[in-house]
Amino acid sequence: MSIVVRTLSEQIFTIVREQIVSGKLPVDQAIRQDALANQLGVSKIPLREALARLEQEGLLVGQANRGYFVRAMSSGEAEEIFALRLAIEPDAVAAGALSATDADRAAARDGLAALDLAAAEHLDEVAARNREFHIALVRPGGRLLTTQLVERLQILAERYVHKHLEPAGREDRAHLEHAELMTAWESGDADRARALARAHIEGTLTDLRRQLNG
């Protein structure tokens, strides 16, 4: 029975995180747990477990006697998240390019294809597929702690990635940047993959500065 509860909690976590990332849950209102449980057709126990985990992920803020609120996005948080990504991710991508096996390269290609499909047909899934693609470039480096840190930063960046893609044309540019990065990474060109990963992250941050401070 406990395995079923954990599995249900995981499913709820995924659904609610998607609602947060896509902006479907407002930041200025407490999450109505009764209404959300009814909407999802679940009891409040696994819902509370999922909300507590989302608080640990930094997406929710719990307030005594008031419940959970969606954590507001800010330019300061974006600067911090993307500065940490720049410090870690380009070198991790380069290490992945040097160590990738045929299976790793196939997984990265599949990740990019899933991202492109989401961009065309399932926009709510774009941020998650984007995260999975970027992790696929890092994981082959075999640095467990680095991969975990990159994944954590990717999760924190998801809402900002979603916001970044709102203006028309951004998705097309992201597709071209990802394709170019994939080509360099797949060919084992670590220096070019590092440079392209850095430029991609820096470009996203530059756009976000305008959006969040405008």
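Q: Why is serine 9 called buried?
A: Buried means under 20% relative accessible area, exposed over 50%, and partly exposed in between (1.4 Å probe, protein chains only). Serine 9 comes in at 11%, so it counts as buried. This is a predicted model, where local features need pLDDT of at least 70, side-chain atom pairs count only at pLDDT 80 or more, and totals for chains, interfaces and linings use all residues. Residues are numbered from 1 along each chain as its sequence is written, and side-chain values use heavy atoms, with hydrogens and water left out.

Q: Where is serine 9, and what does it touch?
A: Serine 9 sits in helix H1 (residues 2-21); helices (H or I, at least four residues) and strands (E, at least two) are DSSP runs, numbered from the N terminus. Contact means heavy atoms within 4.5 Å. Setting aside neighbours within four places in sequence, serine 9 is in contact with Pro46, Glu49 and Ala50.

Q: What makes alanine 50 buried?
A: Its relative accessibility is 1%, so alanine 50 counts as buried. Alanine 50 lies in helix H3 (residues 44-56). With residues up to four places away not counted, alanine 50 touches Ser9, Ile12 and Phe13. As for glycine 23, 27 residues apart from alanine 50 along the chain, the two C-alpha atoms are separated by 18 Å.

Q: How do you know whether threonine 7 is buried, exposed or partly exposed?
A: Check its relative accessible area: at 39%, threonine 7 is partly exposed. Threonine 7 is also in helix H1. Its C-alpha is 28 Å from that of arginine 143, 136 residues apart in sequence.

Q: Why is asparagine 65 called exposed?
A: Asparagine 65 has 87% relative accessibility, so it counts as exposed. It belongs to the loop between strand E1 (60-63) and strand E2 (67-70).

Q: What is the phi of asparagine 65, and what makes it worth a look?
A: Asparagine 65 has a positive phi of about 65°, although it is not a glycine. Most residues other than glycine have a negative phi. For glycine 188, which follows H8, phi is positive too, near 80°.

Q: Why does arginine 71 count as partly exposed?
A: The relative accessibility of arginine 71 is 35%, so it counts as partly exposed. Arginine 71 is in the loop between E2 and H4. Neighbours within four places in sequence aside, its contacts are Val27, Gly58, Leu59, Leu60, Val61, Glu77 and Arg159. Leucine 59 is 12 residues apart from arginine 71 in sequence and 5.5 Å apart in space, C-alpha to C-alpha.

Q: How are H4 and H7 packed?
A: Helix H4 (residues 75-99) and helix H7 (residues 144-164) pack at an angle of about 140°, and their axes are 10 Å apart. Axes here are lines fitted to C-alpha atoms, for helices over the stretch in contact, and angles run from 0 to 180 degrees between N-to-C directions. The residues that meet include Ile81, Phe82 and Ile88 in H4 and Leu149, Leu153 and Tyr160 in H7. By class, the contact of H4 with H7 has 12 nonpolar, 2 polar and 4 charged residues.

Q: What makes glutamate 151 partly exposed?
A: Its relative accessibility is 29%, so glutamate 151 counts as partly exposed. Glutamate 151 is in helix H7, and it touches Arg131 and Ile135, not counting residues up to four places away in sequence.

Q: Where do the buried residues of H8 lie around the axis?
A: Helix H8 (residues 170-186) has Arg170, Ala174, His178, Leu181, Met182, Ala184 and Trp185 buried. They cover an arc of only 165° around the axis, so they are on the same side of H8. That arc is of the directions from the helix axis to the C-beta atoms. The face turned away from the buried side of H8 carries the exposed residues Asp172, Leu176 and Thr183. The buried residues of H8 pack against H4, helix H5 (102-121), helix H6 (126-138), H7 and helix H9 (190-213).

How values were computed. Nonpolar A, V, L, I, M, F, W, Y, C, P; charged D, E, K, R; others polar.
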